[in-house]
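Welcome! Have a look at the sequence and the 3D view below, and take a moment to find your way around.

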Amino acid sequence: MQNSIKKTNTIKILCLVALAILSIAGFLFYNIQGNFSYAFPKRVYRVAAMIITAIAIAYATVMFQTVTRNRILTPSMIGVDSMYEVVQTVIYFFLGSASVFVVDRYLNFGTSIVAMVLFALLLYRFLFRADKYPIFLLLLAGMIIGTLLGSLVSFLQVMIDPVEYLSLQNKLFASFTNVKSELVGISAVILIACFIYGAFLMRDLDVMNLGRDNAINLGVNYDKLVLRVLILASILIATSTALVGPITFLGLIVSNLAYQFLVTYRHSILILGASLISIIALVGGQFLVLHVFNLNTTISVIINFVGGIYFIYLLLKQSKGVAG
Amino acid sequence: MIEIKGITKFFGKKPVVEDVSVTIETGKITSFIGPNGAGKSTLLSMVSRLLDSDTGEVLLDKTDVKKLKSKDFAKRVAILRQSNFINVRLTIRELVSFGRYPYSHGRLTPEDNEKIDEALEYMNLVDIQHKFLDELSGGQKQRAFISMVIAQDTEYILLDEPLNNLDMKHSVQIMKILRKLVDDLGKTVVIVLHDINFASVYSDRIVALKNGRLVKDGPTSEIINTESLREVYDMNIPVQEQDGCKICVYFQSQ
């Protein structure tokens, strides 16, 4: 019985791999027109950005949900995404779209990531004392600070020059159509570094499924692990946000689909599955946007729409589970 | 030997455990008893480093528990709390396999599998080892968790109200297994109990707490008597002998 579950999981993963490859190939080669040597590298960069984003979000969300032991939370709860909006809005408001912080994409990317990670670290520094406060206090504080930052952003956006606002808006919506190709390389490096570091945490995370007390009983250094995961998740979300902009619901959808699809507690498998589903959703979704909807809509609109519905479904399912 | 020395814990400004010093003797069952809110579970949590104490120390064979590495501690002391909510689907065998985590970090060796088989056998779970936890009754689930702790193969086993929500049959079954663990395998068991009769019949030593303070600490025979129990529970409890066991008849006491 154990083996049969393992076997079906392998088959399921292989199916996901095939689907992911199919959507990547479709995106790269379908209806490629004009000068191949011009169009193809552009598509490669775009697809690479999507894959990096997809994996980063899936990875961060699964880890985050295990640590918080809640499957309807996403790392954006900590308010990292709001910090991105603040950084961009402040740059546009005070320095303008012609400033070096906007024109130099490395600088913009670097500033955003550093600000987001610093924000997260500061929050953890003051609120993460697992012996004193439960982790939910941290999340609540993150949510409230996130809302505060959001209001600050709207306040600045109301007063900003309308022309600047238009170009700012481009930064604040996730977009894969004008990916900054020079940032793909560095994002990939960050992602790979996170993966290497995270590989050591996988088995401890498996134990975390049993809850705090049992994890400590089995020799997991709980406080350290939670802190490490929170920092790792913040870096991953910061990277993907700085690369393409904030995507809210993607992580929630793909992690829960992975839990439903793959019957396992093993994080190595869950994260692999969630990453593949995430790639399929993002690359496949973008393919549909390009070739079926003819760019009449954007991928983030679709994701937020589908994600919103799925979120409501999860909430209803959970509340039923509690009542029944 | 576990020595608890002058341990205190405050929740806010209220002391929940106040200046408690107890020595846990090896190769025995020690029961923590006392009224609700006496600090029994808190004390157990501090011994098992689930909770930091505000003052005082816990020594495991003369070494401060805080100085031990988590992985090493987990090979010597196991703790099981009363609420064990798990939101992933696990089979009994998978759960019990987690007991080997301190040794093999998830990569099970043949020796680990042997220990897991033994632990399942011990708790009578072999037939249903591939069932998922959410398909089990309360008693079976409790047995599965205790089986995990047995697979952990530690000298010390600490259990926080393991009889909670269990009927008489299953309670007796579990207490008998704990007795066996101590008598046959030489383990040391520390257990928080609500039913003083289980404490009286199965334990070697009793530690009684009240309002966070230690009231009584000694061999079971010295503590299960009307006078001592009055000090602990503020109740007049007649004690009767039945087949060599002391039974406290507290149902109609004033």
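This is a predicted model: local features need pLDDT of at least 70, side-chain atom pairs count only at pLDDT 80 or more; totals for chains, interfaces and linings use all residues.

Chain A and chain B touch each other, with 20 residues from chain A and 23 residues from chain B taking part.

**Where the chains meet**
- On the side of chain B that touches chain A, two or more residues each come from helix 2 (70-76), strand 6 (77-80) and helix 4 (101-104) of chain B.
- Helix 2 of chain B gives the largest share of that side, four residues.
- By type, that side of chain B has 12 nonpolar, six polar and five charged residues.

**Two packed helices in chain A**
- Two packed helices are described by the angle between their axes and the distance between the axes.
- For helix 2 (residues 36-68) and helix 8 (residues 181-199) of chain A, the angle is about 30° and the axes are 10 Å apart.
- The crossing of helix 2 of chain A with helix 8 of chain A is left-handed.
- Among the residues that meet here are Tyr45(A) and Ile52(A) from helix 2 of chain A, and Val184(A) and Leu191(A) from helix 8 of chain A.
- This helix contact has nine nonpolar residues, two polar and no charged.

**A closer look at Ala199(B)**
- You can find Ala199(B) in helix 8 (residues 196-202) of chain B.
- Ala199(B) counts as buried because 26 other C-beta atoms lie within 10 Å, and the cut-off for buried is 20 or more.
- Leaving aside residues up to four places away in sequence, Ala199(B) touches Ser31(B), Ile33(B), Leu193(B) and Ile206(B).
- Thr30(B) is 169 residues away from Ala199(B) along the chain, yet their C-alpha atoms are separated by 8.5 Å.

Notes:
Residues are numbered from 1 along each chain as its sequence is written. Chains are lettered from A and ligands numbered from 1 in the order in which they are written. Two residues are in contact if their C-beta atoms, placed from the backbone, lie within 7 Å. Ala, Val, Leu, Ile, Met, Phe, Trp, Tyr, Cys and Pro count as nonpolar, Asp, Glu, Lys and Arg as charged, and the others, Gly among them, as polar. Axes are lines fitted to C-alpha atoms, for helices over the stretch in contact, and angles run from 0 to 180 degrees between N-to-C directions. A crossing is left-handed if the near helix is turned anticlockwise from the far one by less than a right angle, and right-handed if clockwise. A residue is buried if 20 or more other C-beta atoms lie within 10 Å of its own, exposed if 12 or fewer, and partly exposed in between; C-beta atoms are placed from the backbone.
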